[in-house]
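Me: I'd like to learn how to read a few features in a protein model. Can we go through some together?

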Amino acid sequence: GCLVSLIAAFLHFYQQQNLKYNFVLAISAEEEISGPNGIEILLSHLPKTDFGIVGEPTQMNMAVAEKGLMVLDCVTHGKAGHAGRNEGDNAIYKALKDIEWFKNYQFNKVSDLLGPMKMSVTVINTENKQHNVVPPQCNFVVDVRVNELYSFEEVLEIIRANVNCDVTARSFRLRSTSIAIDHPLVQSGIKL
């Protein structure tokens, strides 16, 4: 539905002269982080861009901002041992403490536009293949949705100060974005 609407709007304006903006239609096959051959590769070929209209499932409500995305790779370290002999230092148990922190922590700054930040642990694994070995390492991934009131660097600093695992951010490139409420495009959308 979004794609058809964007194509229809582009075709409607394509032949018109003296438009205030240069319209470009970009239909990409990959989402933000699923591959390098989507919008990311296209951006370097476009002229200066004033704004973009993105087709997203917003139930026909206009959205003027989007949280940033920071994906974290986390690793806890323990010591291997035999489960039956009460040996080792279980890295999963260490990870559970940090995962609980990610689940419960509330950032102080709540955006009027985007609401509170959100952190979700989405993947967890160990390299263990045997049921009787205490895992020496546990890896987990955290999806962090950052509002415009925090920088990624600030969020990463807060996280590292509160957990015991090693935390590595995959990238800082998908920051929060927004368009001013008084922008003519937004005002037109509000009137509609």
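Me: Which side chains meet E154 in a salt bridge?

Reply: Side chains of opposite charge can pair when their charged atoms come close. The cut-off for a salt bridge is a side-chain nitrogen of Lys or Arg within 4 Å of a carboxyl oxygen of Asp or Glu. Here E154 pairs with K109, at 3.5 Å from N to O. E154 sits in helix α4 and K109 in the loop between α3 and β4 (118-125), so this pair ties together parts that are 45 residues apart in sequence. Helices (H or I, at least four residues) and strands (E, at least two) are DSSP runs, numbered from the N terminus.

By the way, this is a predicted model: local features need pLDDT of at least 70, side-chain atom pairs count only at pLDDT 80 or more, and totals for chains, interfaces and linings use all residues. Residues are numbered from 1 along each chain as its sequence is written, and side-chain values use heavy atoms, with hydrogens and water left out.

Me: What does T76 touch?

Reply: Contact means heavy atoms within 4.5 Å. Leaving out residues up to four places away in sequence, T76 touches several residues, including K94, A91, D98 and F140. T76 belongs to strand β2, and its relative accessible area is 4%, so it's buried. A polar atom of its side chain lies 2.8 Å from the backbone oxygen of A91.

Me: Which residues have the most contacts inside the largest nonpolar core?

Reply: A nonpolar core is a set of buried Ala, Val, Leu, Ile, Met, Phe, Trp, Tyr and Cys residues joined through side-chain atoms within 4.5 Å. The largest one here has 26 residues, and L72, F102, V144, V155 and I159 have the most contacts inside it. At least two of its residues come from each of β2 (68-77), α3 (91-104), β6 (137-146), α4 (152-162) and β7 (166-169). Take L72: among the residues it touches, not counting those up to four places away in sequence, are F102, V144 and I159.

How values were computed
Buried means under 20% relative accessible area, exposed over 50%, partly exposed in between (1.4 Å probe, protein chains only). A polar contact is a pair of N or O atoms within 3.5 Å; within protein, one must be able to donate a hydrogen and the other to accept it, and residues adjacent in sequence count only if both atoms are side-chain atoms.
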